[in-house]
Amino acid sequence: MEDQIKVTPADKWISNPMSRFMSKSTSGGMVLFVAAMFAIFMANSQWADAYVSFWDDTHIGFSLNDMVLNHSLKLWVNDGLMAIFFFVVGLELKRELTTGELSSPKKAMLPIIAAIGGMVVPALVYTFFNAGTDAAHGWGIPMATDIAFALGVLFLLGDKVPTSLKVFLTALAIADDLGAVLVIAIFYTNELSMLHLGMGLGFFGLLLLSNFIGVRNTVYYAVIGIGGVWLCFLLSGVHATIASVLVAFAIPSKAKVHESYFVAKLNKLRDRFSKIDPDDKVPHLTGEQMECVQDIKELSAGALPPSIRLEHSMHNFVSFFVMPVFALANAAIPIHLGDGGLSAVTLGVAFGLLVGKVIGVAGLTGLLIKLKVVPMPKGMTYINLLGLGFLAAIGFTMSLFVTELAFDINLHPEFPDQAKLGILIASGLGGIIGYILLFMNGKKTGVQAE
């Protein structure tokens, strides 16, 4: 029987090309880059004031009895929309800690060491430039690596770099994200409301209990996670994105349907479907066929852990909506040096990322490999490691996020823009230098992906 799959004009010209674009590992980074460039252009154009005012002065609010939430559009993006980003980060962290590259001490040691070095040294470099000043609290800004941009640059290199390097950078970035979450929770939290914090932790405990007793309904976790944990954390003073990571860790990571049962049941359903007589008079499946297909769908859903299912289903939304919108709201960086040249904040952030990350990631890791404390990952060279250090200097999304938390804009409204300029300089140079080093080394050695 001939293939009866019909491709409509909408499939051919819209749906399928979009699906192919969104499935590429570099596409999310490309969209994020375009959004960031647009925001930078607007911030340096004749429409700069109107653009910034749109994000800062447009307010959205609601009230429930005595509780009133009324914030700017930018704050809703940073506290609300970015909570979804951190939720997916939490799901990725949980997967890596349970079954991925951070699941065993042997696998996790090198990327964790690299991540720690890549956080501590940049913070020290920033402190060198800003110690004792009102800008000293910004030491957390150059600590983070932007996983989307860094991996995007790495994947553009294709087979010029070994697969082990991509795995290493992914594990490093995940460990780096965990460190950034802890820094935000501990050092960039406002005054606490213990009542709301206690309520949020109570809802989190309820989710953990629900996981333990076998609740697998993702809608249930969404309602309790958003209406309970996230809202209470938002009101408590602890940054609400931390709640997203906690909720992600409470999502069940074990499948309802075991592999052996899935295979046996799927074979039975396939045989059952093939034995059903089709009705050629109707252009769709018969009722019995649709019932069988529905059973296959439910079985397949049960074979996927809720955490994996959520991570996959939300990845495109985060990559192609959440992060670009965040860039549009936060990357409006006016590029001007002022009368005194680059400020200490700009220099601290730029050197913290560009020098601190390279020393912390490549320098510390290379030293430990040289001393034989840890082995060199298969397929990696010292030049590759140096290139990786420069890619880690791309701190865009997470660094911009910490910038919004680090400074009191009422006292020093100039600090955020100065920090963002440093982020822009270091991220651009780090990405370019890292790409060139890895490309030239791959071309010289003829490296092929494993």
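Phe129 counts as partly exposed in this predicted model, at 27% relative accessibility. Its ring is stacked with that of Phe351, because the two centres lie 5.6 Å apart and the planes meet at 20°, and planes under 30 degrees apart count as stacked.

**Aromatic pairs**

A search of the whole structure finds 14 aromatic pairs. One of them is formed by Phe54 and Trp55, in an edge-to-face arrangement. A pair of aromatic rings is described by the distance of the centres and the angle of the planes. The table sets out these values for the two pairs discussed here.

| Pair | Centre to centre | Angle between planes | Arrangement |
|---|---|---|---|
| Phe129 and Phe351 | 5.6 Å | 20° | stacked |
| Phe54 and Trp55 | 5.1 Å | 75° | edge-to-face |

Phe54 is partly exposed, with a relative accessible area of 42%, whereas Trp55 is buried, at 9%. Trp55 counts as buried because its 9% relative accessible area falls under the 20% cut-off. Both residues belong to one aromatic cluster, together with Phe38 and Tyr51.

Which residues of helix H3 are buried? In this helix, which spans residues 48-57, Ala48, Tyr51 and Trp55 are buried. These three residues lie on the same side of H3, because they cover an arc of only 75° around the axis. Asp49, Ala50 and Asp57 are exposed on the other side of H3.

Trp55 is also one of the contacts of Ser72. Beyond its neighbours within four places in sequence, Ser72 is in contact with Trp55, Asp56, Thr58 and His59. Ser72 lies in strand S2 (residues 67-72) and counts as buried, at 14% relative accessibility.

**A nonpolar surface patch**

Leu97, Leu178, Leu182, Ile186 and Phe187 make a nonpolar surface patch of about 450 Å². Helix H7 (residues 163-187) gives the most to this patch, with 4 residues. Leu97 lies in helix H4 (residues 73-98). Leu97 is partly exposed, with a relative accessible area of 37%. That value of 37% meets the accessibility condition for patches, because their residues must have over 30% relative accessible area.

Phi of Lys372 is near 65°, a positive value in a residue other than glycine. Is Lys372 buried or exposed? Lys372 counts as exposed, at 73% relative accessibility.

**The protein as a whole**

The protein has 17 helices and 2 strands. Buried residues make up 48% of its 450 residues. The accessible surface comes to about 22,800 Å², and carbon and sulfur atoms account for 66% of that area. Among contacts with a separation of 6 or more, 79% are between residues 24 or more positions apart.

Notes: Residues are numbered from 1 along each chain as its sequence is written. This is a predicted model: local features need pLDDT of at least 70, side-chain atom pairs count only at pLDDT 80 or more; totals for chains, interfaces and linings use all residues. Side-chain values use heavy atoms; hydrogens and water are left out. Patches are made of residues with over 30% relative accessible area and no salt bridge: like charges are joined within 9 Å, nonpolar side chains (Val, Leu, Ile, Met, Phe, Trp, Tyr) within 5 Å. Accessible areas come from the Shrake-Rupley method with a 1.4 Å probe; for residues, only the protein chains shown count as cover. A salt bridge is a side-chain nitrogen of Lys or Arg within 4 Å of a carboxyl oxygen of Asp or Glu. Buried means under 20% relative accessible area, exposed over 50%, partly exposed in between (1.4 Å probe, protein chains only). The arc is that of the directions from the helix axis to the C-beta atoms. Contact means heavy atoms within 4.5 Å. Rings of Phe, Tyr and Trp (its six-membered ring) pair if their centres lie within 6.5 Å; planes under 30 degrees apart count as stacked, over 60 as edge-to-face and the rest as tilted.
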